[in-house]
Amino acid sequence: MLTSIYNMVSTYNNDLRDYDVRIVFNSYGIRFLTDNKLEGTPFEEDEALAERRENLKGRLKSLQNVHGVKLELCDITREQVGLSMDDFYEGVEPVESGVVRAAELQSKGFAYIKVE
């Protein structure tokens, strides 16, 4: 997913096109926005994620800081695991519901690309 988004924003930049790219995280996506291992939750960090966390974090931060990609987190999922927004990477914005947010963005002309 991160490679696809990088390719997308690179294409827009090369073509000198304005863009607004957002990644809306809900459910298991919460694992990619915090260093918290989420122990005792359905989203607990596994070995594969632990090994790749720093790489994934760096790539996300690059998309966010260099390319202006917005990172939005479902507040329902966040509340389910009992974390505050302080537990998440800088610049992650809460949205009331990830599913509702995706639907709202689609109604505004955004494309929806589901990643599982």
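Reader: How many aromatic pairs are there?
Author: The count comes to two aromatic pairs. Keep in mind that this is a predicted model.

Reader: OK, take Tyr12 and Tyr19. Why is that pair called stacked?
Author: Their ring centres are 5.5 Å apart and the planes sit at 25°. Planes under 30 degrees apart count as stacked, so this pair gets that label.

Reader: And is Tyr12 buried, exposed or partly exposed?
Author: Tyr12 has 24% relative accessibility, so it counts as partly exposed. Tyr19 is also at 24% relative accessibility and counts as partly exposed.

Reader: What about Tyr28 and Phe43, how are those rings arranged?
Author: That pair is edge-to-face, because the planes are at 90° with the ring centres 4.9 Å apart.

Reader: Where do those two sit in the chain?
Author: Tyr28 is in the loop between strand 1 and helix 2, and Phe43 is in the loop between strand 1 and helix 2 as well. The pair therefore ties together parts that are 15 residues apart in sequence.

Reader: Is Phe43 buried or exposed?
Author: Phe43 is buried, since its relative accessible area is 4% and the cut-off for buried is under 20%. Tyr28, at 45% relative accessibility, counts as partly exposed.

Reader: Switching topic: what's the volume of the largest pocket?
Author: The largest pocket holds about 1200 Å³ of space. It is lined by 36 residues, and the closest to its centre are Met1, Ile23, Val24, Ile113 and Val115.

Reader: Which elements give two or more residues to that lining?
Author: Those are helix 1 (2–14), strand 1 (22–25), helix 2 (47–67) and helix 4 (98–107). Helix 4 provides the largest share of the pocket lining, with six residues.

Reader: And what classes do the lining residues of the largest pocket divide into?
Author: There are 23 nonpolar, six polar and seven charged residues in that lining.

Reader: Which residues line the largest cavity?
Author: Arg31, Phe32, Leu49, Arg53, Leu56, Lys57 and Tyr89 do. By class, that cavity lining has four nonpolar, no polar and three charged residues.

Reader: How does anyone find empty space like that?
Author: You roll a probe the size of a water molecule over the atoms, and that shows where empty space is left.

How values were computed
Residues numbered from 1 in each chain as written. Predicted model: local features only at pLDDT ≥ 70, side-chain atom pairs only at ≥ 80, totals over all residues. Heavy atoms only, no water. 1 Å grid on protein atoms, 1.4 Å probe; cavity = no way out; pocket = protein on both sides within 12 Å on 5 of 7 lines; lining within 4 Å. Nonpolar A, V, L, I, M, F, W, Y, C, P; charged D, E, K, R; others polar. Points joined across faces, edges and corners; volume = space filled by probe spheres on them. Helix = DSSP H or I, 4+ residues; strand = E, 2+ residues; numbered from the N terminus. Phe/Tyr/Trp six-rings, centres within 6.5 Å; stacked < 30°, edge-to-face > 60°. Buried < 20%, exposed > 50% of the residue type's maximum accessible area, 1.4 Å probe, protein only.
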